[in-house]
Amino acid sequence: MDLVTCTAPVNIAVIKYWGKRDEELILPINDSLSATLASEQMHAKTTVSISPNFTEDRIWLNGQEEAMANPRLVNCLREVKRRARESGQTPQTRLDWHIRICSANNFPTAAGLASSAAGYACLVYALCQLYGVKGDLSELARQGSGSACRSVLGGFVRWRMGSDAQGHDSLAHQVVGPEHWPDMRIIILVANDGQKKVPSSIGMKRSVGTSELLKFRAENTVPKRIEAMEKAVQDRDFATFAALAMKDSNEMHATCLDTTPPCVYMSSTSHQVSDLVHKINEHFGTPIVGYTFDAGPNACLFLLKEHVPLLVHLVRHYFPTSDTTFKGDPFRGRDFDVEISSGEGKFQSLESSMDMGTNPDALKYAIYTKVGLGPEVLTNTSDHLLDELGNPKM
Ligand code: DP6
């Protein structure tokens, strides 16, 4: 039996991917740019195993066995095997053995955070390790989920849409590594909102079919904005970075509202968080915090380390929670305690200038993290999610 275990990170786009020109190959209508988040706080972990003794392919996701029927999953497996076959490095017998896949996230699925990017990046990375496939992995991960192609690399990553009909040039490239902007921090505020949202793949298909604004965005706004964003990242120009991220998020959500029927992803809490960010930035006379929202109500805030205590203080003040357990409160997180506690008590005067009401229990969870590395292989036996017989350990 052969077995490989890997982790892969989540990524958050600051220039959004919204809309496909090819549904099957998952080819986008515009470039996008994201930050890969550190795996310590959030990652997908996947163990893949092949053996001549397995009689069928099986998969377990977050503790539940699922059918191996998902077309995107089947595509990824087929494409990795095709590459392995073409390389001539992998014996055909190994490619014929059945496979077992076990995958889990280290962050609560209840948080409602998009996990498909990390999940597919992890699956593809682990499969490539297993079958000895080398070279660019973003093209393979893209076929699981578009945003997954950006999770195969660390740091800031740009997915170039490409022009090839087969998508061979629709690949992710690293703009800079995670060490480039060491003071950048990310705080994800998970909104207390149970509303079922339209999945992003369905939402974007609907937008492509019905939104004129989306066409304008893809052809006119994003091509210019992404160059400016790449430069802001290269130059570590936070004010420009934050301003562009907010503009792009708002434009994506505007195209969602321009869609018929409209896709409404931001909630009143999302808008309150956005208000707070703009008020803070007004107070400072320059953006010191930037937000971005994916296909859901959770705010993803970018800010520099020096402003974390201030932001945490204001979030706690305006979004108090009565849930004393408040598990996973990142503001008490072990790694960042020092950074946060250093600023306590300094910001009372700021509150009075904000002119905002408080919103008790509007947030249910928060994650504090930074920019991190791409996927990694774990070699410790205790890290494997499948045992020596290929059965899930949990
Ligand atoms: C709003 O990558 O989940 O997060 O390619 O259909 O799997 P599929 O969509 P997905 O869409 C992500 C949309 C987004 C923006 C982004 O990550 O760029």
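Trainee: Where does Ile26 lie?
Mentor: Ile26 sits in the loop between strand S3 (20-22) and strand S4 (27-28). Keep in mind that this is a predicted model.

Trainee: And what is phi of Ile26?
Mentor: Phi of Ile26 is near 55 degrees, a positive value in a residue other than glycine. Most residues other than glycine have a negative phi.

Trainee: Okay, peptide bonds next. Which residues does a cis peptide bond join?
Mentor: Thr260 and Pro261 are joined by one, with omega at about -15 degrees. Most peptide bonds are trans.

Trainee: Where do I look for Pro261?
Mentor: Look in the loop between helix H7 (238-257) and helix H8 (268-284).

Trainee: Changing topic: the ligand. Which residues come nearest?
Mentor: Tyr17, Arg72, Ser145, Gly146 and Ser147 do, out of the 18 residues around the ligand.

Trainee: What about polar side chains there?
Mentor: An N or O atom in the side chain of Arg72 is 2.6 Å from an oxygen atom of the ligand. Ser147 has a polar side-chain atom 2.6 Å from a ligand oxygen, and for Ser200 that distance is 3.2 Å. The protein covers 94% of the 460 Å² of accessible area that the ligand has on its own.

Trainee: How do the residues of the shell divide into nonpolar, polar and charged?
Mentor: Seven are nonpolar, six polar and five charged.

Trainee: Which helix gives the largest share of the shell?
Mentor: That is helix H5 (residues 200-210), with three residues.

Trainee: Why does the ligand lie between domain 1 and domain 2?
Mentor: Because domain 1 (2-178 + 373-383) and domain 2 (184-370) both give residues to the shell around the ligand.

Trainee: Last topic, the sheet with S13. What order do the strands come in?
Mentor: The order is S13-S14-S12-S15, four strands in an open sheet with antiparallel pairing. Strand S13 (289-293) and strand S15 (363-370) stand at the edges, each with a single partner strand, so one side of each has no neighbour in the sheet. On average, neighbouring strands of this sheet are turned by 20 degrees against each other, direction ignored.

Trainee: How many bridges are there between S13 and S14?
Mentor: Five, and S13 pairs with strand S14 (residues 299-304) in the antiparallel sense.

Trainee: And which residue in S14 is the bridge partner of Tyr291?
Mentor: That would be Leu301.

Terms used
Residues are numbered from 1 along each chain as its sequence is written. This is a predicted model: local features need pLDDT of at least 70, side-chain atom pairs count only at pLDDT 80 or more; totals for chains, interfaces and linings use all residues. Side-chain values use heavy atoms; hydrogens and water are left out. A residue is near a molecule or strand if one of its heavy atoms lies within 4 Å of it. A polar contact is a pair of N or O atoms within 3.5 Å; within protein, one must be able to donate a hydrogen and the other to accept it, and residues adjacent in sequence count only if both atoms are side-chain atoms. Accessible areas come from the Shrake-Rupley method with a 1.4 Å probe; for residues, only the protein chains shown count as cover. Helices (H or I, at least four residues) and strands (E, at least two) are DSSP runs, numbered from the N terminus. Ala, Val, Leu, Ile, Met, Phe, Trp, Tyr, Cys and Pro count as nonpolar, Asp, Glu, Lys and Arg as charged, and the others, Gly among them, as polar. Domain bounds come from an automatic or database domain assignment. Two strands pair if DSSP finds at least two bridges between them. Axes are lines fitted to C-alpha atoms, for helices over the stretch in contact, and angles run from 0 to 180 degrees between N-to-C directions.
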